[in-house]
Amino acid sequence: MSEDELRSAFAGFGDVSSVKILSDRETGRSRGFGFVEMPNQEEGEAAFA
């Protein structure tokens, strides 16, 4: 999944401030997790649920 795809998935719940998928320094491959920041707590909780 790309950062743009992740942003799109969460955008259905509200505004997305930032998206970051962490990658391995040596291989450049995803480490299997990332972060999504949303400015509105209620929208973030809805996305989490």
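Buried residues, those under 20% relative accessible area (1.4 Å probe, protein chains only), make up 14% of the 49 residues in the chain. The model is predicted; local features need pLDDT of at least 70, side-chain atom pairs count only at pLDDT 80 or more, and totals for chains, interfaces and linings use all residues. Residues are numbered from 1 along each chain as its sequence is written, and side-chain values use heavy atoms, without hydrogens and water.

The chain holds 2 helices and 2 strands. Helices (H or I, at least four residues) and strands (E, at least two) are DSSP runs, numbered from the N terminus. Their order along the sequence is α-β-β-α. Along the principal axes, the C-alpha atoms fill a box of roughly 35 × 20 × 15 Å.

Contacts are defined by heavy atoms within 4.5 Å. Of those with a separation of 6 or more, 23% link residues 24 or more positions apart. Val-36 and Phe-10 are 26 residues apart in sequence. Their C-alpha atoms lie 8.0 Å apart in space. Val-36 sits in strand β2 (residues 30-37). Beyond its neighbours within four places in sequence, Val-36 contacts Leu-6, Phe-10, Val-16, Ser-18 and Val-19. Val-36 has a relative accessible area of 27% and is therefore partly exposed, a class that falls between buried and exposed (over 50%).

The chain carries 5 positive and 10 negative side chains. Lys and Arg count as positive, Asp and Glu as negative; His and the chain ends are not counted. The centres of the two sets are 12 Å apart, with charges placed at NZ of Lys, CZ of Arg, CG of Asp or CD of Glu.
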